There are 2 protein chains.
Amino acid sequence: MATTFPRPMRADARRNRARVIEAAEALLAKHGMSATMRDVARAAQVGLGTVYRHFATKEELYQAIARERVLRLLDAAHSAAEADDAGSAFFDFFTLAVVESTGEKALVDALVSAGLNPKAATSGLYRELEDATELLLYRAQAASAVRDDVARPELLALITSTCIAADRQQWNPELRDRVLAVIFDGLRRR
Amino acid sequence: MATTFPRPMRADARRNRARVIEAAEALLAKHGMSATMRDVARAAQVGLGTVYRHFATKEELYQAIARERVLRLLDAAHSAAEADDAGSAFFDFFTLAVVESTGEKALVDALVSAGLNPKAATSGLYRELEDATELLLYRAQAASAVRDDVARPELLALITSTCIAADRQQWNPELRDRVLAVIFDGLRRR
């Protein structure tokens, strides 16, 4: 019996998949769960068949959005870990996490009302993201940009609390920057 | 036609009412919405009739808990505004707000599933609480304990983000203190 290996996706299929996820994420942020698969296809400028070829159900699409959001941050964390200025890389990544938190609640609500565990799609990835964030902290501390007595738990708590509130209370960029200025000053080495 | 003025509540009635609210709040935090009016009466050590005399429905009781929680903080803010050490009073009040946020989500969930607007019971009070918090900020700034470039919006955003995350993620006291230490250092005047 021949074994079937999953074939790598062709480049145009990968692009279409990415466009569908991106369009669905924007629709979810804007209109909540009312958007249909047809709306998604229209916004992504692909056929409805293409949407269904990648995602059999709306639930699968939501899960893909959730994964994509974490992967995007994870990519940014990996790049930041290679940056020359470890201090700026750390603070820029913290800021990006807060910026990218927009729409998180809408997505979690969508997953929950689809009967899915919002943590299931991303649980392994979150652990990776936390590890990558801790690495950025160590580098910034080694570069004397962040105080040495700050550890992983309170850093993650600070990031998540800011992310949750920024998304739920729809902070404008000015308020976000003013809040982050206070926290960043608290994190900096005197 | 005679006008009926609301009569002031007798001292023992006030005490009973407070005990019922306190017991209901503890039950809600521990068991969520499953606690019945009978459970509340038992925990408050009053008769079921006493519970119903003060609160005709469980919804009214939830609303009373919500008001009571804000009033408690408001009392603390008013006392803090009289304290000699304006810096300590400010930081202690911030800490108390975070400590007292425990159970907030359970209460909001209870109000929402009772079909009530969780903000309705406390809307006027929240505004008062925010004003009182801003007064504590001004006093702490006048005492050179807090930097002058921090204003009401980011202070309230910092307090609420910490409160939301501490409640939802069930921070232990050590984590809470470590997070607050960073934020407080960011708020302090250098």
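Guide: Chain A has 9 helices and 0 strands. Helices here are DSSP runs of H or I with at least four residues, strands are runs of E with at least two, and both are numbered from the N terminus. This is a predicted model, where local features need pLDDT of at least 70, side-chain atom pairs count only at pLDDT 80 or more, and totals for chains, interfaces and linings use all residues. Residues are numbered from 1 along each chain as its sequence is written, and chains are lettered from A and ligands numbered from 1 in the order in which they are written.

Visitor: What box do the C-alpha atoms of chain A fill?

Guide: Roughly 60 × 45 × 30 Å, along the principal axes.

Visitor: And how many of the 190 residues count as buried?

Guide: 33% of chain A. Buried takes 20 or more other C-beta atoms within 10 Å of the residue's own, exposed takes 12 or fewer, and partly exposed lies in between, with C-beta atoms placed from the backbone.

Visitor: Helix packing next. At what angle do helix 1 and helix 4 of chain A cross?

Guide: Roughly 95°, with the axes of helix 1 (residues 11-31) and helix 4 (residues 58-80) of chain A coming within 10 Å. Axes are lines fitted to C-alpha atoms, for helices over the stretch in contact, and angles run from 0 to 180 degrees between N-to-C directions. So helix 1 of chain A is roughly perpendicular to helix 4 of chain A. That label covers 65 to 115 degrees; under 35 is roughly parallel, over 145 roughly antiparallel, and the rest oblique.

Visitor: Which residues make the contact?

Guide: Helix 1 of chain A brings Ile21(A), Ala24(A), Glu25(A) and Leu28(A), and helix 4 of chain A brings Leu61(A), Ala64(A), Ile65(A) and Glu68(A). Contact needs C-beta atoms, placed from the backbone, within 7 Å.

Visitor: Now the chain interface. How many residues does the contact take from each chain?

Guide: 20 from chain A and 19 from chain B.

Visitor: Which element of chain A gives the most to that side?

Guide: Helix 8 of chain A, with 9 residues.

Visitor: Why does Thr50(B) count as partly exposed?

Guide: Because Thr50(B) has 17 C-beta neighbours inside 10 Å.

Visitor: What is Thr50(B) in contact with, leaving aside neighbours within four places in sequence?

Guide: Asn16(B) and Ala41(B).

Definitions and conventions:
Contact = placed C-beta atoms within 7 Å.
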